[in-house]
Amino acid sequence: MSSEEITLAAGDAEVSVRPGHGARLGSLKVGGVELLRQGERYGCFPMVPWCGRVRDGRFLSGGHPQQLPLNSPPHAIHGTGRDTAWKTARVSGREAVFTYDLADPWPYSGRVTQIVELTESALTLRMSVETYDDSFPAQAGWHPWFNRRLTDDGEDVRIAFDAAWQERRGDDHLPTGERIDPLPGPWDDCFGMPDGVDVTLTWPGRLEVNVASREEWVVVYDEQEAAVCVEPQSGPPNGLNTLPRLVTPLEPLETSTTWTWRRL
């Protein structure tokens, strides 16, 4: 894959995107401090055309069964966009636009667009999934790896949110369909926020970041030592089966998230 890197800057904030590596954010720095984990699992990648796990990699579309590769056996996970080279469509000042055309192993044709926009105090990510042919169910969202600590001697990040419910998770890590009162962490769980995703990450004495989206679904994952994930997405895990959202020639799937920060 291409090593091309697109960097946007605004004030003392800087974000880099690697279109050849799934249009992944490789880095987000505020005041020279890296917010996203580096290494093997790094940055923030777009989850598209589905989010989280699809049970056994199978879903129905128009009554027809479809089979996806089991890249997290026994399930398919996090879409194909992260494994695809995207094209840089436009870079202008503080905004960059990236696209890729859906292709095998996804069974439908279409186009995905991601827009990255940076200001001095916020990063906004937008994504759309379009079809010019057959309609199909799809999802879109983001999977950031936020550093648990901003410095070696810093305190652990604190995660705060008020969810209306938590999707009960089965032994297979998929929602069972039962909604329960939110449980204390650690989490690898999907939460419902009907008024929109609103999660605040606080690194005491350093920085506060609010992750917001008009979507009502967010997965919070904090079971790893080095990073925590707050994943706004357009539907729950296995949603291609349980809550399909149809992309049609007249109605694309459009979603967005904004991360706003302030120093403490």
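**Hairpin to start.** I began with β18 and β19, which form a hairpin with five residues between them. His173 in that turn has a positive phi of about 70°. My terms come from DSSP: strands are E runs of at least two residues, numbered from the N terminus, and two strands pair if at least two bridges are found between them. β18 (residues 165-169) and β19 (residues 175-180) pair in the antiparallel sense over three bridges. Gln166 stands opposite Ile180 in β19.

**Ground rules.** I'm looking at a predicted model, where local features need pLDDT of at least 70 and side-chain atom pairs count only at pLDDT 80 or more, while totals for chains, interfaces and linings use all residues. Residues are numbered from 1 along each chain as its sequence is written, and side-chain values use heavy atoms, with hydrogens and water left out.

**Strand β3.** Next I checked how enclosed this one is. Buried means under 20% relative accessible area, exposed means over 50%, and partly exposed is in between (1.4 Å probe, protein chains only). Six of the seven residues of β3 (residues 24-30) are buried, so the rest of the structure largely encloses this strand. On one side of the bookkeeping is β2 (residues 13-18), joined to β3 by six antiparallel bridges. Arg18 has Arg24 as its bridge partner in β3. The β2-β3 hairpin has five residues between the strands, and Gly22 there takes a positive phi near 75°. β3 is also joined to β4, antiparallel again, by two bridges. Val30 has Val33 as its bridge partner in β4. In the β3-β4 hairpin, with two residues between the strands, Gly31 has a positive phi near 60°.

**The open sheet.** I traced eight strands in the order β10-β11-β12-β13-β26-β22-β21-β17, with antiparallel pairing. Why is one side of β10 and of β17 left without a neighbour in the sheet? β10 (87-92) and β17 (158-161) stand at the edges, and each has a single partner strand. Phe161 has Val199 as its bridge partner in β21.

**Rings.** Rings of Phe, Tyr and Trp (its six-membered ring) pair if their centres lie within 6.5 Å; planes under 30 degrees apart count as stacked, over 60 as edge-to-face, and the rest as tilted. I get 13 aromatic pairs by this rule. Tyr108 and Phe136 are a stacked pair, 5.3 Å centre to centre with 20° between the planes. Tyr108 is in the loop between β11 (95-101) and β12 (111-118), Phe136 is in β14 (residues 136-137), and they are 28 residues apart. Are these two buried or exposed? Tyr108 counts as buried at 12% relative accessibility, and Phe136 counts as buried at 0%. Ring pairs also link both of them into a cluster with Trp50, Phe59 and Trp106.

**Core.** A nonpolar core is a set of buried Ala, Val, Leu, Ile, Met, Phe, Trp, Tyr and Cys residues joined through side-chain atoms within 4.5 Å. The largest has 62 residues, and Trp106 is one of those that touch the most other members. A second, separate core has seven residues, including Met47 and Tyr221.

**Last stop, a loop.** Glu40 lies between β4 (33-34) and β5 (44-47). Glu40 is exposed, at 77% relative accessible area.

Key. Helices (H or I, at least four residues) and strands (E, at least two) are DSSP runs, numbered from the N terminus.
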